[in-house]
Amino acid sequence: MRPSALGRLAALALLAVACPTATATAADWPSPNANAAGTRAAPHSPLRATTVPRLRRIWRWRIPDFIAFDGLMSSTPLVLGRDVYVQTLRSNVYALDATTGRLRWQRHFDRMSSGPNGLTSAGGRLYGTTDIAVFALDAQTGRVVWQRTVTPPREPMDIAPLVANGLVIVGTTAPRPGGKGSVVALSATTGAVRWRRSTVPGAWANPRVASGGGVWWTPTADGAGAIYAGVGNPLPWGGTAAQPNGGAYRGADLYTDSLLAIDAATGRIRWHDQVVRHDVRDQDFTLPPVITSVKGRALAIGGGKGGQVIAWDRRRHRRVWKTAVGVHRNDAGPLPARRVSVCPGLYGGALTPMAVARGLVFVPVVDACMSGSATGYESLGAVNLGKRGRGELVALDVATGRVRWRRALPSPAFACATVAADVVFAPTFDGFVRAFAADTGRPLWSAREPAGISACPAVAGDLLVVAAGTDPGTLRNPDYVVDAYALR
């Protein structure tokens, strides 16, 4: 072993002694987006532009669950000291040894999730969801500390929780007619429900047809009592023959496609901004709003499937800048009666979380146009994204939104951007993990996984953990795994 690898093992051993209750340290990745602010950055990692070419795989763990509609795994691994924790799309939780990949314990819930789901850690516990329940596990043993049913199957959860202010914050979705999404806060200690906030407070114009709203990425917290969440679109996309162009949800349909700033203690909405009024194109504005600051200005930076990234001044509640990313075509106003190519499509735009570091916002983009009209879209099941889609990684200036660099990717970027020191990682649907220089976009390193990637990576010290848990439709025999890389 090189000295760097020996140092990593020594550091993990020290953490195992110093952190017997799996309390997060600066060397860990304790929540799906690294921290409650959602920056997805490990600024002090030894994975740098000068060292990342030495990354080598040190272990591989094969995911044992049965495949679901969206694959086996799309969640971000957690890394806490000597342990790596993962959740599959059957809601099952596995604890792995961080140095060897050996299974330490498992907890089965066997409830299907459409993802991204995943875990969050705090105070020696792991918090997660099934489609209907929120749970807390003892991080060392996997013992269930509490479990609370909070939603019916018709309005499921598919989210990794936020833990902040002594609360576990989750979101529900609403895919079936009449449904409305919500944000729910539970006591981190007991699981008791503290408050519930609908993301669609008014009545649908036609509740027998319309549905939507909800939160399906982890919210963020500003450390001053506010929670930030992006809200999903209304349904059905396009519309119906009887009610074209979203007639079933005509009007403002608040708070769909909005940024919400929510009071953590009460669930009251402090302020909001609706990015797309009356969305008929599935332009969910659901990415975790990144909490950051630049030149003394407190910002929240959000994005979504409409391919728009927006920064708000958190004190003045005003937009600071707005930047379009990816391909745009027929993406505003009413849809025509005949089908046209719509870009971003239903799987397109900024679909997975961004990262913020070094004065830049790193945006993973999916370019996959789809055919849509005022009465509906082509079938999702008929779309081969592995062949149709492409990707991009775009770096924006935090202060101005100006594009600093853009890197084309041969496959959709369905996994998050992730920063380690001066390196940004961008996995793609075809199973590649690529590393670029954060300041310039220069390619530095790549590795090929044996399956497609829709799960976001985690960085802890010089450890890079990647889950390849989906089938891109371009591989003959996908092998679904969690891989760990380290400096050698």
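Modeller: A cavity is a set of grid points where a 1.4 Å probe fits but cannot get out. The model discussed here is predicted.

Colleague: How much space lies in the largest cavity?

Modeller: The structure holds 1 cavity of 30 Å³ or more. Its lining has 13 residues, and those closest to the centre are Pro-32, Thr-76, Pro-116, Asn-117 and Trp-217. The space in this largest cavity is about 70 Å³.

Colleague: How many residues of the lining of the largest cavity are charged?

Modeller: The lining comprises 13 residues. Of these, 6 are nonpolar and 6 are polar, and the charged residues number 1.

Colleague: How many residues apart in sequence are the parts that Cys-343 and Cys-369 tie together?

Modeller: Cys-343 and Cys-369 are joined by a disulfide, with an S to S distance of 1.9 Å. Cys-343 lies in the loop between β25 (340-342) and β26 (355-357), and Cys-369 in the loop between β27 (360-367) and β28 (370-373). The pair therefore ties together parts whose separation in sequence is 26 residues.

Colleague: What is the handedness of the disulfide of Cys-416 and Cys-456?

Modeller: The sulfur atoms of Cys-416 and Cys-456 are 1.9 Å apart and form a disulfide. Cys-416 and Cys-456 are both buried. The torsion about their S-S bond is about 55 degrees, so the disulfide is right-handed.

Colleague: Which residue in the turn between β11 and β12 has a positive phi?

Modeller: Strand β11 (residues 162-164) pairs with β12 in the antiparallel sense over 3 bridges, and Val-163 has Val-168 as its bridge partner. The two strands form a hairpin with 2 residues between them. The turn residue with a positive phi, about 55 degrees, is Asn-165.

Colleague: Which residue in β13 stands opposite Ile-169?

Modeller: β12 also pairs with strand β13 (residues 182-187), in the antiparallel sense and over 6 bridges. Within this pairing, the residue opposite Ile-169 is Ala-185.

How values were computed
Residues numbered from 1 in each chain as written. Predicted model: local features only at pLDDT ≥ 70, side-chain atom pairs only at ≥ 80, totals over all residues. Heavy atoms only, no water. Disulfide = S-S within 2.5 Å. Helix = DSSP H or I, 4+ residues; strand = E, 2+ residues; numbered from the N terminus. Buried < 20%, exposed > 50% of the residue type's maximum accessible area, 1.4 Å probe, protein only. 1 Å grid on protein atoms, 1.4 Å probe; cavity = no way out; pocket = protein on both sides within 12 Å on 5 of 7 lines; lining within 4 Å. Points joined across faces, edges and corners; volume = space filled by probe spheres on them. Nonpolar A, V, L, I, M, F, W, Y, C, P; charged D, E, K, R; others polar. Pairing = 2+ DSSP bridges.
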